[in-house]
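Good morning, and thank you for coming. I shall take you through one protein structure, and I ask that you keep the sequence and the model in view as I speak.

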Amino acid sequence: METVKAVQQAEKAKKAIRMSGAEAIIHCLLAEGVDLIYGYPGGAIMPVYDELYKFQDRLTHVLTRHEQGATHAAQGYARVSGRVGVAMATSGPGATNLVTGLADAQIDSTPIVCITGQVPRHLLGSDAFQETDIVGISTPVTKWNYQITKAAEIPEIIAKAFYIAKSGRPGPVLIDITKNAQFDELDFVYEKCTGVRSYKPVPKPDPEALQQAATLINQAKRPYIVYGQGVILGQAEAELKALVEKTGIPAAWTIMGLSAMDTDHPLNVGMVGMHGNYGPNVLTNECDVLLAIGMRFDDRVTGKLDTYAKQAKVIHFEIDPAEVGKNVKPEVTLMGNCKETMGLLLPLLNQNSHQEWHAEFDKKYEEEYAAVIHRDLKPEKPGLTMGEVIEEINLASGHKAVIVTDVGQHQMIACRYAKFKQTKSNITSGGLGTMGFALPAAIGAKMGAPEREVVAIIGDGGYQMTIQELGVIFQHNLGVKIVVLNNDHLGMVRQWQELFFESRYASTVMTNPDFVKIAEGYHIKANRVTERKGLKAAVVEMMEFNGPYFLEVVVEKEDNVFPMIPSGASVSDIRLK
């Protein structure tokens, strides 16, 4: 064994090339297939940027206007392309500005690798200029992180970073690299990481559990599927469709699972969650078998846990053992990538249709349409609604656009009414709920899928949190379509204040700038709509325009998003008004 190892090391040494740590970082990125980096330079990362300058023909660096924008752009890129997004920043405030994006990527299982510069090794712990313990700060919001203090560590650690970020349940990784490690030299050889001791990213499916699940499903009278982003991350869209069509089980999406199946598929019954559809929420508590596929029973989905689906036998398709039983105890757990587990389960299932059960969803939809949907999409009052804006975007895009949403009322309306025919089309901040996410994420989405139309739907509040990223759109002439739904309020907070705090609108009224002039200041074509008669033409003009376009739509100030499950209530307590 030692002889074999010695031979391998000798062969490795022959391939080694002497270079600086900074140059090694660039070669590592190239070896991982990276061709796009979002970042912001500074003193502690400057050696890497100096090397990056020499590789401009192979690596595109996008200078975001804020480090938070870099992480969200990397997220948008990863979510649309299926590749690992990369962001880079300097030490101190540059590094800490990445934390919100790291936290967002962690809870939404988005594979990104962030590289930060750090003060030289001998200054660590001395409170040197722009020194921050970013490894300590980011530990709770990363899948893995590591501080490199020696140049020789660079190839192995970066290879490991990419492997961990994209394997199993994906997530963010941060690598902090001291300045001396960037300047020092090493004998560079790069080997991709194919495994880490004690880390088993994809559990093996249990044949006995598959048989148990099949028996429950075949015997069920009122089975129900709720699917999440795990279907998209596992590239299991075809398997989900095949399972649904063979069994006839009604399927609903979580906010992160939206677009895994065509929204107009006849067995797709709508969205679950706080502002999801009426039937999918209420009937959760009337099904007899609940198949939870690639979703983690988030509190926004379950509402009050001790009343959630208590009558149902739960089958949980899950890749991360930490999620099993964390919120809802399953009858059967199918561990592994849901692409594999659904593929193995499918031959064991009987053909079925469950027509009577589907009729109950249809009935609930009719109730919701009369109380809510008709009002949102075909309003009788003069003011514009968010729903009719989304509907016009659906029509103008042919249901083929990537929709990137920020956080708030517009997000819920977009996820309720946007129509999709292609996977990886709904990009939103689900778990963390990060205002300011949409504009930089749309940049990443457009660069990750340049052939697709990308439409950012943003509220007037969240838009102003990362509005500076218009500079990136202008500089790179990115054909992102930006739609700000302006109600002059922090709309979702205002809705809660109206419903639960006796309409005391504390700090939610916005005094907004002229958004059109700001967009025009960045040389982006802009328009503003205040009346229904001009909406359709404005949306069509935006979608047909060759290049970036900004459209502000002034909507009703005090319009609420319904249905709604009050915080802490049961899914059965969902309100239609």
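**Exposed and buried loop residues**

I begin with Q235, which is exposed, since its relative accessible area is 55% and exposed means over 50%. Please bear in mind throughout that this is a predicted model. Q235 lies in the loop between helix 11, residues 230–233, and helix 12. Its backbone also deserves a look: the phi angle of Q235 is near 55°, a positive value in a residue other than glycine.

A second residue may be set beside it. S259 is not a glycine, and yet S259 has a positive phi of about 95°. S259 sits in the loop between strand 10 and strand 11. Is S259 buried or exposed? With a relative accessibility of 3%, S259 counts as buried, because the cut-off for buried is under 20%.

**The chain as a whole**

Let me now step back. The protein chain contains 24 helices and 20 strands. Its radius of gyration is 25 Å, close to the 25 Å that the globule rule gives for 577 residues, so the chain is as compact as a globular protein of that length. The C-alpha trace spans about 70 × 65 × 40 Å along the principal axes. Of the 577 residues, 59% count as buried. Consider also the contacts in the chain with a separation of 6 or more: residues 24 or more positions apart account for 77% of them.

In what order do the six strands of the open sheet run? The order is 11-10-9-12-13-14, and the pairing is parallel. Strand 11, residues 268–271, and strand 14, residues 332–335, are the edge strands, each pairing on one side only. From one strand to the next, the twist averages 20°.

Within this sheet, I would point to strand 9, residues 223–227, and strand 10, residues 251–253, which pair in the parallel sense over three bridges. I225 has A251 in strand 10 as its bridge partner. Helix 12, residues 237–247, packs on the sheet and touches strand 9, strand 10 and strand 12, residues 289–293. The direction of helix 12 makes about 165° with that of strand 9. You will recall that the loop holding Q235 leads from helix 11 to helix 12.

**A pair of helices**

I turn next to the packing of helices. Two packed helices are described by the angle between their axes and the distance between those axes. For helix 2, residues 21–31, and helix 8, residues 154–166, the axes come within 10 Å and cross at roughly 30°. The crossing of helix 2 with helix 8 is right-handed.

Which residues make this contact? From helix 2 there are G21, A24, I25, C28 and L29, and they meet I154, P155, I158 and F162 of helix 8. Sorted by class, the contact has eight nonpolar residues, one polar residue and no charged residues.

**Around M88**

M88 is in strand 4, residues 85–89, and M88 is buried, with a relative accessible area of 0%. Leaving aside residues up to four places away in sequence, M88 touches L29, I37, Y38, G39, Y40, I45, V48, Y49 and I115. By way of contrast in position, M88 and Y227 are 139 residues apart in sequence and 33 Å apart in space, C-alpha to C-alpha.

**Towards the end of the chain**

Finally, consider N486, which is in strand 18, residues 480–486. N486 counts as buried, at 4% relative accessibility. Not counting residues up to four places away in sequence, N486 touches D460, N512, F515, E552, V553, V554 and V555.

The peptide bond from F562 to P563 is cis, with omega near 0°. P563 is found in the segment after strand 20, residues 549–554. Thank you for your attention.

Notes:
Residues are numbered from 1 along each chain as its sequence is written. This is a predicted model: local features need pLDDT of at least 70, side-chain atom pairs count only at pLDDT 80 or more; totals for chains, interfaces and linings use all residues. Side-chain values use heavy atoms; hydrogens and water are left out. Axes are lines fitted to C-alpha atoms, for helices over the stretch in contact, and angles run from 0 to 180 degrees between N-to-C directions. Helices (H or I, at least four residues) and strands (E, at least two) are DSSP runs, numbered from the N terminus. A crossing is left-handed if the near helix is turned anticlockwise from the far one by less than a right angle, and right-handed if clockwise. Contact means heavy atoms within 4.5 Å. Ala, Val, Leu, Ile, Met, Phe, Trp, Tyr, Cys and Pro count as nonpolar, Asp, Glu, Lys and Arg as charged, and the others, Gly among them, as polar. Buried means under 20% relative accessible area, exposed over 50%, partly exposed in between (1.4 Å probe, protein chains only). Two strands pair if DSSP finds at least two bridges between them. The radius of gyration is taken over C-alpha atoms; the globule rule is 2.2 Å times the number of residues to the power 0.38.
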